[in-house]
Amino acid sequence: MSIRNIQPGFRQVSSHYTIFQERVDDAYKIRRKLPEPTVCPQCNAIFQKGRWQWFEIPVNAQQHPCPACQRILDHYPAGYLTLEGEFFQSHRDEILHLVQNFEKTKKSQHPLQRIIATEEQNNSLLITTTDIHLARGIGEAIHDAYQGNLELQYNQDENLLRVYWSR
């Protein structure tokens, strides 16, 4: 059962166990190999051993913004999560606590998975993320904890995921 109409360019995907094939030409993927170590001047994530990680900042590190910080600076999310419904409104603090804990856990393991912003929108809450997998993971965590309706819409051309949860 669909919660919303599917927007142009998006396709509905099943919620659990779907693997998204991310675009290889994502504008926020770094096109060249960065010198190692490189530190992001905004968040202090370290690019080392071919990926962004949390480490102590080496003295000789080059500087380059990580893709997550660049998305945040550009206000260009990869994931959109909309939470709505009477149940959400009456359990808002509890659900937001779950969202914050989920993001904190993921961010500690994957520095590029972050919440950009939360925004009130007509009896709903919009959460934007730097990564499609974080938006999906948060939606699935809420669905696993509280059931309700979960819908995922993916736009492969833009590497964009819209997640809708309501109850």
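The model is a predicted one, in which local features need pLDDT of at least 70 and side-chain atom pairs count only at pLDDT 80 or more, whereas totals for chains, interfaces and linings use all residues. Residues are numbered from 1 along each chain as its sequence is written, and side-chain values use heavy atoms, with hydrogens and water left out.

We may begin with the six-stranded sheet. Its strands (DSSP runs of E, at least two residues, numbered from the N terminus, as are helices, which are runs of H or I of at least four residues) follow the order β1-β9-β10-β6-β8-β7 in an open sheet of mixed pairing. Two strands are taken to pair if DSSP finds at least two bridges between them. Because β1 (11-13) and β7 (115-121) stand at the edges with a single partner strand each, one side of each has no neighbour in the sheet. From one strand to the next, the twist averages 20°; axes here are lines fitted to C-alpha atoms, for helices over the stretch in contact, and angles run from 0 to 180 degrees between N-to-C directions.

In the loop between β7 and β8 lies N122, which has a positive phi of about 40° although it is not a glycine.

A second open sheet has four strands in the order β4-β3-β2-β5, again with mixed pairing. Its edge strands, β4 and β5 (62-63), each pair on one side only. Strands β2 (residues 38-39) and β3 (residues 46-48) run antiparallel over two bridges, and F47 in β3 is the bridge partner of T38. In the loop between β1 and β2 sits P37, which is joined to E36 by a cis peptide bond with omega of about -5°.

What, then, lies between the domains? The domain assignment (automatic or from a database) gives domain 1 (38-71) and domain 2 (77-166), whose centres, taken over C-alpha atoms, are 25 Å apart. Contact involves 11 residues of domain 1 and nine residues of domain 2. About 800 Å² is buried between the two domains, with carbon and sulfur atoms giving 63%; buried area is the accessible area (1.4 Å probe) that two parts lose on being put together, summed over both. On the side of domain 1, W54, A68 and R71 lose the most area to domain 2, together 69% of what that side buries.

The count of salt bridges between the domains (a side-chain nitrogen of Lys or Arg within 4 Å of a carboxyl oxygen of Asp or Glu) is zero. Two residue pairs, both at pLDDT 80 or more, are in polar contact across the interface. A polar contact is a pair of N or O atoms within 3.5 Å; within protein, one must be able to donate a hydrogen and the other to accept it, and residues adjacent in sequence count only if both atoms are side-chain atoms. The elements giving two or more residues to the side of domain 1 that touches domain 2 are β4 (51-53) and α1 (67-74), and α1 provides the largest share of that side, four residues.

Terms used: Contact means heavy atoms within 4.5 Å.
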